[in-house]
Amino acid sequence: FDDDMNPITELYLDENEVEFKRIENSYDKQGRVIMANTFEEGIHTIEELTEYNNVENTSTATTSFLKEGYHILERTQYNLQGKPIHISSLLNGENLIFENNASYDAMNRLVREEYFEIDIWSKHIVRHEKLIHQHLEE
């Protein structure tokens, strides 16, 4: 852990207490993860870099799958209360493969979500869901 009690290294052990996965994290001054490196069986397999833009309430995360040779670019826009309102994921930074839009009520409770999953080869929507969240008043 660092001085702010953020986990620097996360270890995953099998039933024989042998490490099979390790994640090493770096943080910014606000305690947000800016870099995470995943090692599986000692091999560096995933690198995730995240940039935050406090003015525009956005984050951009690039997850590189090193063994497979591709990366996912995920952009998230937040409302003023820090809840995600729009997420888009692009394969290799170009092809849209996932999109999520969300709405919140005056109490910042999730009330609506809409998901799109897009096949990268055919460029067609393979999943589309609209979810309405109802909150029972007490």
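In which strand is the place of glutamate 117? Glutamate 117 is in strand S9; strands here are DSSP runs of E with at least two residues, and helices are runs of H or I with at least four residues, numbered from the N terminus.

Before I go on, the ground rules. This is a predicted model, so local features need pLDDT of at least 70 and side-chain atom pairs count only at pLDDT 80 or more, while totals for chains, interfaces and linings use all residues. Residues are numbered from 1 along each chain as its sequence is written, and side-chain values use heavy atoms, with hydrogens and water left out.

Back to glutamate 117. With a relative accessible area of 33%, glutamate 117 is partly exposed. By that I mean between the two limits: buried is under 20% relative accessible area and exposed is over 50%, with a 1.4 Å probe and protein chains only. Leaving aside residues up to four places away in sequence, glutamate 117 touches Ile97, His124, Ile125, Val126 and Arg127, where contact means heavy atoms within 4.5 Å. Leucine 96 is 21 residues away from glutamate 117 in sequence, and the C-alpha to C-alpha distance is 8.5 Å.

Next, the rings. The structure has three aromatic pairs. Rings of Phe, Tyr and Trp (its six-membered ring) pair if their centres lie within 6.5 Å; planes under 30 degrees apart are stacked, over 60 edge-to-face, and the rest tilted. Phenylalanine 65 and tyrosine 70 are stacked, because their ring centres are 4.9 Å apart and their planes at 25°. Tyrosine 70 is partly exposed, at 32% relative accessibility. Phenylalanine 98 and tyrosine 115 make a tilted pair, with 6.0 Å between centres and 45° between planes. Phenylalanine 98 is in strand S8 (residues 95–104) and tyrosine 115 in strand S9 (residues 110–118), so this pair ties together parts 17 residues apart in sequence. Tyrosine 115 is buried, at 17%.

Two charges also sit over rings, meaning NZ of Lys or CZ of Arg within 6 Å of the ring centre and within 35 degrees of the ring normal. Lysine 21 has its charged end over tyrosine 12, 5.0 Å from the ring centre. Arginine 32 is over the face of tyrosine 52, at 4.1 Å.

Last, the backbone. Glutamate 17, not a glycine, has a positive phi of about 60°. Glutamate 17 is in the loop between strands S1 (9–13) and S2 (19–27), and is exposed at 65%. Lysine 123 has a positive phi near 65°. Lysine 123 is in the loop between S9 and strand S10 (125–132), and is exposed at 54%.
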